[in-house]
Amino acid sequence: MSSTRGGRRTGRKPGIARRIKLWVRGTPPRRKYTWARRALQLVLLLLFSFQFLVSGVIIKGSLASSRLFEGHVPGLSAIEMMDFFAWLEQAAATHSPSAVSIIAVAVVFILYMLLLGRFFCGWVCPMDLLFSLFERKFTRMNAPPLTRPHHYGRVEGIIPLLLMLVYLALSVILGQPFFTSISPVASTTKLAAIIQGIIYNIPGAAVGLALSWATLTGIALFVNIIAEYVFGVKRLWCRFICPIGNIYGFIANRYSPLRVKVVHPEKCVKCNVCSMACPMSIDLVYYIANGRDIKDYRCLHCGRCAEVCPYGVLSLGFRLPKPAGQKTGGVREEGYWLEHP
Amino acid sequence: MALAAPVAHMLGEGQDENASWGRGEDYYEYFIVDNDKEKLEYYEALGVILEYNGRKCVANPLVPDKCIAYTKRYEEDRFRFKPPAASPDFYSRCIRCGLCYFQCHYMGYNAIRLASLRDGLKAFGTPIIDDHIRHPCTLCMECTRVCPTGALERVLEEAKERARKKERKQGKETFDRTIIANYPDLVKKTRMGVALIDPDLCWAWNSGDCKSCAKACPFGAEVFDFLFTPWGVHTRVKAVVRDDGTIETKCVGCGLCVAACPVVGSAIHVLPEEEFVRRYRNFKNTGMSYEEYLKKILDVEDHDPFKAVLRAMEINNVFLLDIRGIKKEKIKTELAAERSLGESKTT
Ligand code: SF4
Ligand code: SF4
Ligand code: SF4
Ligand code: SF4
Ligand code: SF4
């Protein structure tokens, strides 16, 4: 591997310090969106994990259900939140939607379903943070088919939906919320239970608990890593298995005001840098060439594509849905993505 | 459920949601005197030694052909309970969010722990209360308040609502958690288990004057009954088992009494309802119901002082003080009790 310094190729392997620096900087360099969302993910994870230090007044619970600012919200005991898919599974398991949780789930519904789309995955979920530590940040266009940026086919697009139905069916059969019970997303944010268990010597099982949750998170991570490095499927977990993000993706990403906007399609030179940087293997040039905003169900609204584009073609922000048929501009060039085998 | 069972089985113990931590079927231990020559000779002289599995044990004066049995220590006879007011379809409703667990911790009680995989796939992630001695539930009902799904029902709010309607109370409310006891249906909803006192281990059934459990109980005399006799302040939990297996009692099984009992390993244990009915109907495998067993004790105390002394002073107290021990610091008021403890074993 050679590196570039001062515009010249040095022909030598970079030193360890420089490699760390490069790793932190990212290639292409990380900019505001990535740093902002990493900060948000980390802060949320820390708030969840050390909630007991402030008796849970800031945040309490886990990503399955949480309470914000207990006792400090005028007129309410707290801002309640409950995961939408957990609510669906619970409805399936009890054969009727629960009325008790209606406010909690409404908050989440408005936030993600109506406003932010799959923002949850890119900015809140600790698993995204964890996965990103071990995955390739930049995918070449000649990588294996499911790794390289591509537009999803019919089969690929239906698998997550089918899995969601399977989870709901299993919830009915087993009589308990299936995915929610074993979800590593909620488990990881329940880290506080383990820390508390050790510090305060709470009855039993702090170790058992730690092992159980490490197992769940570990399985998700393991599956994801094996899929990427052995089978060449990038982000298997988030693209296919996890229903929490996919349900926002399939429903909300189609119309959510927060989206990756194609603001200057005429400036795009089809360098594919955005596509190659996308953690979810989305072929952005397909959208740019079609002059559409990115409404792909896979899009995490992470803004990586926007920040790596050298020409400012894309931007992450709010835009209300355009009337059908109206395009942002730009020319479609049939088959250009087939040029990259 | 059908599919989960084999998987849960593979994952080890505890598929039964109320499975005991105790080993095996036998929740009683016997007064074995094999290794204690002094006691063996003493009880042989009194003629109360029986053979049990090739070992020598002390007989029960009430049932002379049976060894006297004591409820095992709490650590070997504890059960997993769901938090108070768990709805009938608890496992379908609970989304394993942990809010109840965190809330219990912030209240400072730490009664709840979250189930790990060892507790079975079904229970995994749900709240469990299973350490009454160190961390009993105080019935603060905060966990039911924060539960987002109705897996824990808000019975305290319900009770307050009803009380407010009845008393037309306005403004700041003064109701506390014990108003739940006014509404039998809410008590039934809240119930985790029912407490059962072992009269052979209980200090108050063996010449003492203790009442620690009744003092600790949030419902006090609504749940406990006392009979003042020369043989101690006989204390019992008011509970009646009907023929159809339902239990009529105001005890909700919080476990505060278990924590308060000065006998090491506690003479009062909270049992799941089925287990309570089982032990109630055939107490200590004597064929007598709990009720009959207590009656028999009172009967003996009234009509057979020698047997009563033998039972209380010579056998039960020896077991209580020498083998189990009594936690002196848990007995708050009774001078007499403290005096009578003398130089006996205290832990
Ligand atoms: S798909 Fe699931 S695991 Fe992946 S980032 Fe979204 S919520 Fe997290
Ligand atoms: S399309 Fe852009 S914002 Fe969406 S996941 Fe890919 S890089 Fe992130
Ligand atoms: S009612 Fe019991 S289990 Fe619930 S928070 Fe209070 S002490 Fe904990
Ligand atoms: S708060 Fe309710 S839903 Fe959450 S873990 Fe406890 S019982 Fe389950
Ligand atoms: S008798 Fe014991 S378990 Fe029952 S309510 Fe009273 S303190 Fe709680």
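How much accessible surface does chain A have, and what share of that surface belongs to carbon and sulfur atoms? The accessible surface comes to about 15,400 Å² for chain A, and 69% of this belongs to carbon and sulfur atoms (Shrake-Rupley method, 1.4 Å probe).

Before going on, some ground rules: this is a predicted model, where local features need pLDDT of at least 70, side-chain atom pairs count only at pLDDT 80 or more, and totals for chains, interfaces and linings use all residues. Residues are numbered from 1 along each chain as its sequence is written, chains are lettered from A and ligands numbered from 1 in the order in which they are written, and side-chain values use heavy atoms, with hydrogens and water left out.

Let's stay with chain A. There are 16 helices and seven strands in chain A, counted as DSSP runs (H or I, at least four residues, for helices; E, at least two, for strands). Of its 341 residues, 55% count as buried, meaning under 20% relative accessible area with a 1.4 Å probe and protein chains only. Take the chain A contacts (heavy atoms within 4.5 Å) between residues at least 6 apart in sequence: 71% of them join residues at least 24 apart.

Now hop over to chain B and ligand 3. The surroundings of ligand 3 include Cys104(B), Cys137(B), Cys140(B) and Cys143(B), where near means a heavy atom within 4 Å. The shell splits into ten nonpolar residues, one polar and no charged.

How confident is the predictor? The complex gets an ipTM of 0.85 and a pTM of 0.84. For chain B, the mean pLDDT (per-residue confidence, from 0 to 100) is 82, and 86% of the residues reach 70 or more. Residues 334-338 of chain B, though, have pLDDT below 50.

Key. Nonpolar A, V, L, I, M, F, W, Y, C, P; charged D, E, K, R; others polar. Buried < 20%, exposed > 50% of the residue type's maximum accessible area, 1.4 Å probe, protein only. pLDDT = per-residue confidence, 0-100.
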